[in-house]
Amino acid sequence: MPTPSLDALPIRRLTLRDLTACADLSEDRGWPREEHKWGFLLIAGRGYGIDDPSGGLIAACIVTQYGPQERPDLGALGMVLVAERYARRGVGRRLMRHVVASMGTTPLTLHATPYGRPLYEELGFKVIGRAEMVMGPFTPRGPENGVTTRAATAEDLAAILRLDEEVFGADRTHIITRLPAFTDQLRVAEENGRITGYAGAWPNMDTQVIGPLIARDTETAQALFASLAARTDRPLRTDIDVRHEALLAWVKERGLEFVAHNSVMAYGATELPGDWTRRFAPLTVAAT
């Protein structure tokens, strides 16, 4: 039988049964397999993929929606990958056009590498910001500020959800309620019985990713970051909005180093909703 053309191969929804194929696709492109993250996103988001007739996936993408299910406030695109053997043949463009069309009028956002940015610009995405990835072992430098942090409990969930929606600008209940199972640590900052910030740390290969990180101010973000770092012996990794210059300088003084810049891009919006001054780092750049 003749091999079908790439344009004839159907785009289908991915499920958790595709976890191994998604991880294989990551490995094919030289990325870590990141099975823990893929599993989370396939459950919390909406996956799209194109099957390779010879087995596995040709391409994949995840969309995570926020807000009302019937009319989302925002969609975040991530994990956009095309197998190396099919690169530069229009597969990624076709998949992205399909995904963007499927979201209708919902504003979209993504974090783009320099490699991927030209495709997204071609599709109509505009750069609205930048995030800096930093990574490395964290070395404390004496006593930190006096902000009180503690492990989050089930009783904190309602307050965390209220704070998160206020800062993020859309309802993320389906994400936040999964954090206790997804993260190794989930901590809150507290003042006079009121939660002023929260942060998680989750395993990704040989590192711990710090995210999400939402806090009233830089000092609160630092306290949460330091409290998470004190409870793991793994190197840390996070993606910080470059407008938070003080936090970036602070983590670099304690051992984390610059890895890369990503462009924050949007489609159908000129800026992201919510309050960026309290949004320091995403859960993952694949889901904002």
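Residues are numbered from 1 along each chain as its sequence is written, and side-chain values use heavy atoms, with hydrogens and water left out. In this predicted model local features need pLDDT of at least 70 and side-chain atom pairs count only at pLDDT 80 or more, while totals for chains, interfaces and linings use all residues.

Q: Why is the contact between R12 and D18 called a salt bridge?
A: A salt bridge is a side-chain nitrogen of Lys or Arg within 4 Å of a carboxyl oxygen of Asp or Glu. The side chains of R12 and D18 meet at 2.7 Å, N to O, so the pair meets the cut-off of within 4 Å. The whole structure holds 24 salt bridges.

Q: What makes D18 buried or exposed?
A: Buried means under 20% relative accessible area, exposed over 50%, and partly exposed in between, with a 1.4 Å probe and protein chains only. D18 has 10% relative accessibility and therefore counts as buried. Its partner R12 has 26% and so counts as partly exposed.

Q: Why is R254 put in another class than its salt-bridge partner E253?
A: R254 has 8% relative accessibility, so it counts as buried. E253 has 47% and therefore counts as partly exposed. In their salt bridge the closest N and O atoms are 3.3 Å apart.

Q: What makes a set of 62 residues a nonpolar core?
A: The term covers buried Ala, Val, Leu, Ile, Met, Phe, Trp, Tyr and Cys residues joined through side-chain atoms within 4.5 Å. The largest such set has 62 residues, and F125 and Y198 have the most contacts inside it. Strand β3 (residues 57-66) gives the most to this core, 8 residues; strands are DSSP runs of E, at least two residues, and helices are runs of H or I, at least four, numbered from the N terminus. Another core, of 23 residues, lies apart from it and includes A201, A226, L247 and L248.

Q: Which residues is F125 in contact with, leaving aside its neighbours within four places in sequence?
A: They are L77, V100, L108, L110, Y120, M265, A266 and Y267. Contact here means heavy atoms within 4.5 Å.

Q: How many residues of the largest pocket's lining are nonpolar, polar and charged?
A: The lining divides into 24 nonpolar, 11 polar and 8 charged residues. Ala, Val, Leu, Ile, Met, Phe, Trp, Tyr, Cys and Pro count as nonpolar, Asp, Glu, Lys and Arg as charged, and the others, Gly among them, as polar. W31, V80, L81, T113 and Y115 are the closest to the pocket's centre, out of 43 lining residues. β4 supplies the largest share of the lining, 6 residues.

Definitions and conventions: On a 1 Å grid over the protein atoms alone, a cavity is a set of points where a 1.4 Å probe fits but cannot get out, and a pocket is an open set with protein on both sides within 12 Å along at least five of seven lines; lining residues have an atom within 4 Å of a point.
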